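Reader: Hi! Could you walk me through the charged pairs and the pocket in this one?
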Amino acid sequence: MQLAPEDVVSCLSNFLENRGGPYDWDDFISVDIADPALEAIRAAAANIDLPVNADGERRIRDLLTEARQVAHERSAV
């Protein structure tokens, strides 16, 4: 799947804020992303157990920080 860094940021943010559709998270973690940096974030998210506990939420926030960094780096080019 082709996703932009901003799409990954949006998906992670929506999940943390309980926004989005009922299958958005499953769709995100189930389909490989063509971009290797974003795929690493997706794969890490897929390894977080649901329902998310405090540690899982922290890990998703860390992934969100990574995704924002990728978005920032790509927009600076």
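Author: Happy to; we'll take salt bridges and then the pocket. This is a predicted model, where local features need pLDDT of at least 70, side-chain atom pairs count only at pLDDT 80 or more, and totals for chains, interfaces and linings use all residues. Residues are numbered from 1 along each chain as its sequence is written, and side-chain values use heavy atoms, with hydrogens and water left out.

Reader: Great. How many salt bridges are there?
Author: The count comes to 7, taking a salt bridge as a side-chain nitrogen of Lys or Arg within 4 Å of a carboxyl oxygen of Asp or Glu.

Reader: Which residue does Arg 74 form a salt bridge with?
Author: Its partner is Asp 35, with the closest N and O atoms 2.6 Å apart. Arg 74 sits in helix H4 (residues 54–75) and Asp 35 in the loop between helix H2 (24–30) and helix H3 (36–46), so the pair ties together parts that are 39 residues apart in sequence. Helices here are DSSP runs of H or I with at least four residues, numbered from the N terminus.

Reader: And is Asp 35 buried or exposed?
Author: Buried, at 18% relative accessibility, whereas Arg 74 is partly exposed at 39%. Buried means under 20% relative accessible area, exposed over 50%, and partly exposed in between, using a 1.4 Å probe and protein chains only.

Reader: Nice. What about Arg 58 and Asp 55?
Author: Their side chains meet in a salt bridge at 2.6 Å, N to O. Both lie in helix H4, 3 residues apart, or about one turn of the helix. Arg 58 is partly exposed at 44%, and Asp 55 is partly exposed at 38%.

Reader: Switching topic: what volume does the largest pocket have?
Author: About 210 Å³. A pocket is an open set of points on a 1 Å grid over the protein atoms alone, where a 1.4 Å probe fits, with protein on both sides within 12 Å along at least five of seven lines; lining residues have an atom within 4 Å of a point. Grid points are joined across faces, edges and corners, and the volume is the space filled by probe spheres set on the points.

Reader: Which residues are closest to its centre?
Author: Of the 13 residues lining the largest pocket, those are Cys 11, Asn 14, Asp 24, Trp 25 and Phe 28. Helix H1 (5–16) and H2 are the elements that give two or more residues to the lining.
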